[in-house]
Amino acid sequence: MRPLRAYSALAHHARQRAQPFVPPRQRPDAYSLVAPELQRMRSSLLGLLGSTHPGLSEIARHYFVQPSQQLRSMLVLLFAHATNGLGTSWPTKDSAATAEMCTGLSVELDAPLSTPDLLNNWHPAMPNHTASFATVFDLRPTGLYTPITPVTSDASRIPTLVSTPRLLPTQIRLAQIVEMIHMASVLHDEVFDGPPNPAEEGFGNKLSILAGDFLLGRASAALARLGEAEVVELVASVISNQAEGEMLRVQSAGTGDVWEVYLRKTYLKTASLMAKAARASVVLGGCTDELWKDVAYAYGRNLGIAYQLIEDTLEYETHGEGPSRGLVTGPILFAREQYPELQPLIGRHLAGEGDIEEARQYVTRSGGIERTQALAMSYADKAREVLQLLPDSEYKNALDTLAECAITRTGW
């Protein structure tokens, strides 16, 4: 098996003080813990989108009303529950949310992102001469980014939550934004791969692209309403990450380190959203200590990679058809180590006649599926390790269970 990368300093520290995991029968169900928030999130999502085009509304309803795994939304909500109250800024965040509810300002957060007349308004009162735009945007250099020194801690410094604080409205909104970005990615993937369910005809390439772009625009508008610069930067970077990951899918697989390309693509396309959404949820809860942010990011990153690795094995186990979309994934790369004659097929992205069937046969005869599953388990274990730095709570235990569910695909 390809040797795994060394644990990060954060994971190494967590391993040194790790406590035994909660036995499975005592673990809380992750979905049940946040079911009320998930229901609220979905019930207001369609109204939030506010499209005046019936086609876009139909597509949004098709994807958002039907039940789904909601893994990414659950991740945002569980980390919010597990870390709210830890940050020094929590009292300020909590009192601000209470004041907004008392004064009715929180209604603005749930209002449609734009009214029908604004969607098509050309602003007739705005001057048309270019001088009117001269001083609107004053661009200033932001300086170079300075890497943050990893935070260390020990068991005696891990705080204990006396009671679990409530979720903030902004964190529920973040869960909706994450869902919109994920659905936009699914719609754009239809252009390359076809509908997720082969029995469905899909909406066609043009509508899929337009609806995906529409959701990204709406997600960006909702993101701006959160009023947290770090969160805006985190989540906005996910969109560019997904585009970069898509580019790696068409990169030549015959040159360079194919494992490096594959794992980078897996992070950019899948894990980036989970990692940055979890970190953004912690930031919205008022945590300024880098430790809590890093725990959330490390957990989401490793969970996302584990999740996608298992997805790549299910193409063989569920349908027995292998990489029907011509993607070079973990099972094929592991099979190549046993059968070097796979290299020419990998080099042309399984685009030759009969390549997909031949690759499927090689994978079936090799241990590629089992080795990919083992690699996924190692990433899931890394995700569970960093949780040991969080205070004990049922939500921490639920996150532990969620990492296991990413492998077994049960319990959500």
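A residue counts as buried here when its relative accessible area is under 20%. Keep that cut-off in hand for the tour. The model on screen is predicted.

**The whole chain**

Start with everything shown. The chain has 17 helices and zero strands. Of its 412 residues, 49% are buried. Now think about contacts with a separation of 6 or more: residues 24 or more positions apart account for 80% of them.

**Helix α11**

Select residues 258–284. This is helix α11. How many of its 27 residues are buried? The count is 25, so by the under-20% cut-off the helix is mostly covered.

Check its length next. At 1.5 Å a residue, α11 should span 39 Å. Its end C-alpha atoms lie 37 Å apart, which agrees. Yet the helix has a kink of about 60 degrees, centred on A271.

Go to the start of α11. Select D257 and W259. A side-chain oxygen of D257 comes within 3.0 Å of the backbone nitrogen of W259. Then jump past the other end. Just after α11, G286 has a positive phi of about 90 degrees.

**T270 and its neighbours**

Stay in α11 and pick T270. Its relative accessibility is 8%, so T270 counts as buried. Leave aside residues up to four places away in sequence. T270 then touches K265, G304, Y307 and Q308. With Q308 there is also a polar contact: the two side chains meet at 2.9 Å.

The charged end of R72 sits over the Y307 ring, 5.7 Å from its centre.

**Aromatic pairs**

Next, show the aromatic side chains. The whole structure holds four aromatic pairs. Select F79 and Y299. Their rings are edge-to-face, with 5.4 Å from centre to centre and 65 degrees between the planes. What does this pair tie together? F79 belongs to helix α4 (residues 71–83) and Y299 to helix α12 (residues 290–317), so the pair joins parts 220 residues apart in sequence. Both F79 and Y299 are buried.

Move to Y339 and Y362. The ring centres are 5.2 Å apart and the planes meet at 45 degrees, so this pair is tilted. Y339 sits in the loop between α13 (330–338) and α14 (343–347), while Y362 is in helix α15 (residues 355–365). The two are 23 residues apart, and the pair links distant parts of the chain. Are these tyrosines buried or exposed? Y339 has 17% relative accessibility, so it counts as buried. Y362, at 11%, counts as buried too.

Now select W259, Y262 and F334. Ring pairs link these residues into a cluster. W259 is the residue whose backbone nitrogen you saw beside D257.

**A charge over a ring**

Select Y379 and K382. K382 lies over the face of Y379, at 4.7 Å from the ring centre.

Finish at H349 and L350. Most residues other than glycine have a negative phi. H349 is not a glycine, but its phi is positive, about 55 degrees. L350 is not a glycine either, and its phi is also positive at about 55 degrees. H349 lies in the loop between α14 and α15, and L350 is in that loop as well. Compare their surroundings. H349 is partly exposed, with a relative accessible area of 21%. L350 is buried, with a relative accessible area of 4%.

Conventions:
Residues are numbered from 1 along each chain as its sequence is written. This is a predicted model: local features need pLDDT of at least 70, side-chain atom pairs count only at pLDDT 80 or more; totals for chains, interfaces and linings use all residues. Side-chain values use heavy atoms; hydrogens and water are left out. Helices (H or I, at least four residues) and strands (E, at least two) are DSSP runs, numbered from the N terminus. The expected span of a helix is 1.5 Å times one less than its number of residues. The bend at a residue is the angle between axes fitted to the seven residues ending there and the seven starting there. Buried means under 20% relative accessible area, exposed over 50%, partly exposed in between (1.4 Å probe, protein chains only). A polar contact is a pair of N or O atoms within 3.5 Å; within protein, one must be able to donate a hydrogen and the other to accept it, and residues adjacent in sequence count only if both atoms are side-chain atoms. Rings of Phe, Tyr and Trp (its six-membered ring) pair if their centres lie within 6.5 Å; planes under 30 degrees apart count as stacked, over 60 as edge-to-face and the rest as tilted. A charge sits over a ring if NZ of Lys or CZ of Arg is within 6 Å of the ring centre and within 35 degrees of the ring normal. Contact means heavy atoms within 4.5 Å.
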